[in-house]
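Let's take a friendly walk through a protein model, one topic at a time. Have the picture handy as you read.

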Amino acid sequence: VVVELFNTEKSYVESLQTIVLKYLNQLKSPENSGLVDVQTVDEIFFMVPAILNIHERFLEELRRRLDSWDKMQMIGDAFVDVFSRPVILDTYTAFVNNWNRAKDAIRSARQKCPAFARFLEAMAREHKGKLSLDNLLIKPVQKFPNYELIFTRLIKHTDVTHPDQKPLQEALKLVHDILMFLNCKEKEALENGQRETALRELEGVIEGMNDLVTPERAFLLFDLVSMPSGQVTRKERGFFLFNDLLVITSIKRRSGTIRKTNMTCPGSVASTLDTNKYKYLTKISLDDLEIVKYLFTHVF
């Protein structure tokens, strides 16, 4: 099992080295500088070099201990020594938080630049496992579940009287704690990505609205409201409610009669609202609204 730990760590380090040497460094080289701008490259490979440094250190320690192996040799303490440092959690958290942005950046750059798409295809063909960049970048997300399996097996196959039994237990607990934390961060990152996507879709739906995306803003619901205009006429208005803001738009059917749409936290904002046209009229902070009997008492 120890040899398996070493081999999987070696394979992981090689994958990270491929990302850095074959992708990151190549894309920053003068001959490929025109494929993708530096900011996008940094976004795609955010924290990968730091993760590589961490695991190169751990791999070297594993190699040193295997080279001097005896029946009383220990592994658990080596893992705890490396991975209990706060920088580990900070580094992996930053990577996980950026992971969806990295995937979006790859997809966008591939669509905008055929030469970049060809570069990715060529690098994947050169890889001994024919893995794409997407397949390589997901490996840090998968690493700690792999550690959990291996350390569970190591504990099972280590005698209870062995000096490594307690360090292995500590290593497994550390892995579990890191994994639980990263899973929460991954879930948050996914939810934030979905929230941001909905806001960007709304910016595309509402003509004249281009500043909806903020770190804390979330879309809650949309409704069509018929409002008095003069003594006998009424005007249809679109009400877009966010957790901090009410946006009011004019509304016009793309063809024919306005279609009534009521929507709460949609899966796809644009597709649901696409039957009507919306033009920005005004926005009101919820702090400036007074709600009385479910009616907004604000003059606009």
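At what angle do helix α1 and helix α3 pack, and how far apart are their axes?

## Two helices side by side

Keep in mind that this is a predicted model. Two packed helices are described by the angle between their axes and the distance between the axes. Here, helix α1 (residues 2-27) meets helix α3 (residues 48-67) at an angle of about 145°, and their axes lie 9 Å apart. The crossing of α1 past α3 is left-handed.

Who does the touching? On the α1 side, the contact residues include Val2, Leu5, Phe6, Val13, Leu16 and Leu24. On the α3 side, you'll find Val48, Ile51, Leu52, Phe58, Leu59 and Leu66 among them. Sort the contact of α1 with α3 by class and you get 17 nonpolar, 2 polar and 4 charged residues.

## A salt bridge within α1

There are 17 salt bridges in the structure. One of them joins glutamate 14 to lysine 10, with 2.8 Å between the closest N and O atoms. Why are these two about one helical turn apart? Because glutamate 14 and lysine 10 sit 4 residues apart in helix α1.

## The largest pocket

Now for some open space: the largest pocket holds about 700 Å³. It is lined by 26 residues, and the closest to its centre are Glu43, Asn100, Arg101, Asp104 and Glu196.

Which helix gives the most to the lining of the largest pocket? That would be α9, with 11 residues. Helices α2 (38-44), α5 (86-112) and α9 (165-205) each put at least two residues into this lining. As for class, the lining of the largest pocket splits into 7 nonpolar, 8 polar and 11 charged residues.

Note on methods:
Residues numbered from 1 in each chain as written. Predicted model: local features only at pLDDT ≥ 70, side-chain atom pairs only at ≥ 80, totals over all residues. Heavy atoms only, no water. 1 Å grid on protein atoms, 1.4 Å probe; cavity = no way out; pocket = protein on both sides within 12 Å on 5 of 7 lines; lining within 4 Å. Points joined across faces, edges and corners; volume = space filled by probe spheres on them. Nonpolar A, V, L, I, M, F, W, Y, C, P; charged D, E, K, R; others polar. Axes fitted to C-alpha atoms, helices over the stretch in contact; angles between N-to-C directions. Left-handed = near helix turned anticlockwise from the far one by under 90°. Contact = heavy atoms within 4.5 Å. Salt bridge = Lys/Arg side-chain N within 4 Å of Asp/Glu carboxyl O.
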